[in-house]
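Subject: Structure handover

Hello,

Here is the structure you will be working with. Please open it and keep it beside you as you read.

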Amino acid sequence: MNYLKSLCLTPLLILGVSHSKAQTDMDGLMMAKRNLCGGIVVGQSQWNHYWEGTLYRNNQNIGTFTSQTAMAMANYGVSDKFNIIASAPYIKNQTSAGTLRGQQGLQDASLTAKWEFFSKGYKHAYVSLLALGSVSAPLTNYVADYLPLAIGMQSKTASGKLMIDIQRNRWFATASTQYTQRGNVTIDREAYYTTEMIYSHLVAMPSVLSSNVRFGYRKNAELIIEAVYDRMNTLGGFDIRRNDMPFLSNNMEASRIGLNWKLPVPKLNGLSWLGNATTTIMGRNMGQSHMVMTGLVYQGEFKSKNTPKS
Amino acid sequence: MKSLKIFGTVLVATALYVGCKNDVVSEHKTFPALEPINLDTNAGNWKPILLSKPDEIAIATPISATSPDYKLELLEIKSRQNQITEAERENMNYWSAGVVLRWNEIMRELVAKYNLPPYQNPDGTYPIPSANNPLAYPFFPFANPPYAARAYAYMSGAQYDALVAAYHYKSKFRRPRPAKTDPSIKQLIPMTSDFVYPCEEAVAAGASAAILTLMFPGEQEYIQTKLNDCNSARILAGGNTRSDIDAGVGLGKAVAAKFIARARTDGAGKAVGTTADWKFLKDRTEARGEVAWLSQETPQRPPMLPMFGKVMSFLMDTTEVVNSRPGPPPSTQSAEFKKELEEVLWFSQHPDRDRMKIVHFWSDGAGTYAPPGHWNDIACEDFVKQRWSEVRWARNLALLNASMFTAAVCCWDAKYYYYNPRPSQMHADCKTLTGLPNFPAFTSGHSTFSGAAAKFLSHVVPSQASKYMSMADEASKSRLWGALHYRSDIEVGMTMGIAIGGKAIERAKTDGAE
């Protein structure tokens, strides 16, 4: 129900909303060759309403759900056109009401290859096209079949993404769409009910389609302010029944809007402050999360050649 | 181009890593066809549960094998076999694993579907599901553990009595298999008996469908579809003709009617209790100087089926239930209680992945087939390997479920006599690792169900006895580890359960099947 943890692409989403122009898997910027960017972002997401199927409701036995995240990330420029991005979050989930014990731990590591396969300056704009491939896998044997408190889905994922980035002067727009395939999840139970009884420890996870649109102002990849619209939906899955708990293979959807920024930290060359505020405007079988994040990233080079594009 | 190469490699690695999308196949779909080692042809002499004698319900004498009408029935088999479809073959193979097994699974599925507590009314009270209006929210029933235990017991009991009657009539009428009369008829699955009137599968199906309709009245269409599928499989398989099946369904339903009449008067209809009952339970506990149970839900939900301890089960009458009631749990003021609470708190504050695995394996909470369903699942997986006749399957499930129904009654009697608080009520940080059930603590339902089930199963599948007892022990401990129960709840519950399982064994030794 909380998308921080209810999707395996959690780190990607966190990056996507919080880390807008630090050359992540959500933006159209590339790290220059032999440049390395690393940082830590922390965030908090909360909801007190969620969608049970399409029914918008609260739950006095959950109260307010809070998820806190601390994530390490790194981005390395193998070449100007080819970057590798890695991240791993630590997550702590709890509720303000009810008797269920909160959960915390290291969630899933993700690794992304980002390739700018086309870029060209036209008369009025500079256009680039990118392709991205990602994998993620659980780092620990956390409990997944314990929603909404589970810190993740315990599913290996693989995704592919296409992106277009257009810049004119210092104004830009980026759009991307991503398909994520999720591997079966092994749960502790030996039978479970979805819309029928399934006698297995395995849960088949529906794939996820997500899209992301952002536009804003950027100056030399150092000062960035942008607005983001993000939408994800599973391809399949089932609705939470009336007054039931959520389940891993639910039909999940969320539409979110947010504001991201990246600002240089004065007097500390290479250090940037990231921030983000995001809210969920529509969803299905997920919490209506409101999220804030902040972080610091440092960018440096291994050798000479420091010409970040844009 | 280097980037392209790397990117291509990454894509290929990615595809290999997640692999092709794996469909999750429900393991039960692939059970092998039932081929009984022993046909139990004398089962017509076994002792039924409610029937006074195997031929209490009369059935019509079958028409002669040489009559034109019977020849038409044989023709129906042949014509359907000639145009069998893939879907029909799949349906036939599904039912060939055994109809007692499959109807047990159908009930488990409906329990899981209906095992959801109703959402509250706007004023903070809770609506009570009504059997007269099952399709309006809150759907009827709320198939919670006691409701489920009783439902499984009635269905298994009715299947057993109906099959005892069926075996009696099969031996009496001795109608041979269709293929014996007409060798051009193919037998597409292994045959489970030599005499086919009435069709034993249809007998079990008719009885099952009738009980399911009583217990899940909103599911009549689904149940009827399953009944039709089950009967259709018999004709296609070449196992039975139309008249075998019609006689079977009729007999099954007639036997079920006896169980239904009993169910309507066994006290379950009053198990929800009244506002006055709920207040009385609280006042009685407080008058003893003890802390009374309080719902930990918001808004506070009335206790689950507080009068279920007065329901008439199959193995003990109400007086026996009261006489066998365990002594009280440690007083909430005692040092012993404090020590037990501290133990629960420690488990709550130190969740360990290995213990959590066990807590979740046995959670069997809302939205599941409930603890009795879990033990039916465990039992059936092993029963499949025993290759028993349908009637022996039914007899063993009937006694298994009779013991869990009795366990539910005895456990609920103790819970509502003592009406003691859960650990979470007594300590704010006693957070649970799975859903907290909405009823008092003493004794643990999981422990009582599991003790009864494991004890009885150890009797019928002795080779697995140590496995069953260690599973029961694990189920019981899972409730302490999950911070839902004190140690005395689980230990006393287990002792009670084992004693109840012993009652089922006593009956098993005298019913003629051993």
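First, a definition: two strands pair if DSSP finds at least two bridges between them. Strands (E, at least two residues) and helices (H or I, at least four) are DSSP runs, numbered from the N terminus.

Next, the ground rules. Residues are numbered from 1 along each chain as its sequence is written, and chains are lettered from A and ligands numbered from 1 in the order in which they are written. This is a predicted model, where local features need pLDDT of at least 70, side-chain atom pairs count only at pLDDT 80 or more, and totals for chains, interfaces and linings use all residues.

How confident is the predictor? The complex gets an ipTM of 0.94 and a pTM of 0.94. Chain B has a mean pLDDT of 96. In chain B, 96% of the residues reach 70 or more. pLDDT is the predictor's confidence in each residue, from 0 to 100.

Strands of chain A

Start with E9(A) and strand E10 (residues 171-182) of chain A. They run antiparallel and are joined by twelve bridges. Lys161(A) stands opposite Gln178(A) in E10(A). The two strands E9(A) and E10(A) form a hairpin, with two residues between them. In the turn, Asn169(A) has a positive phi of about 55°.

E10(A) also pairs with strand E15 (residues 207-219) of chain A. That pairing is antiparallel too, over ten bridges. Here Thr177(A) has Ser211(A) in E15(A) as its bridge partner.

Where the chains meet

The contact takes 41 residues from chain A and 48 residues from chain B. Two residues are in contact if their C-beta atoms, placed from the backbone, lie within 7 Å. Which strand of chain A gives the most to the side that touches chain B? E8(A) does, with three residues. That side of chain A divides into 18 nonpolar, twelve polar and eleven charged residues. Ala, Val, Leu, Ile, Met, Phe, Trp, Tyr, Cys and Pro count as nonpolar, Asp, Glu, Lys and Arg as charged, and the others, Gly among them, as polar.

Now look at Tyr199(A). It sits in the loop between E13 and E14 of chain A. Tyr199(A) counts as buried because it has 20 C-beta neighbours inside 10 Å. The cut-offs: buried means 20 or more other C-beta atoms within 10 Å of a residue's own, exposed means 12 or fewer, and partly exposed is in between, with C-beta atoms placed from the backbone. Leaving aside neighbours within four places in sequence, Tyr199(A) contacts Glu190(A) and Ala191(A), as well as Ser26(B), Glu27(B) and His28(B). The C-alpha atoms of Tyr199(A) and Arg189(A) are 9.1 Å apart, and the two residues lie ten apart along the chain.

Domains of chain B

Chain B is assigned domain 1 (40-53 + 75-117 + 135-264) and domain 2 (271-508). Such bounds come from an automatic or database domain assignment. The C-alpha centres of the two domains lie 31 Å apart. In contact are 33 residues of domain 1 of chain B and 34 residues of domain 2 of chain B. H5(B) gives the most to the domain 1 side, with 14 residues. That side has 21 nonpolar, eight polar and four charged residues.

Is H5(B) largely enclosed or open? It is largely enclosed by the rest of the structure, because 26 of its 29 residues are buried. Just after H5(B), Arg174(B) takes a positive phi of about 50°.

Best wishes
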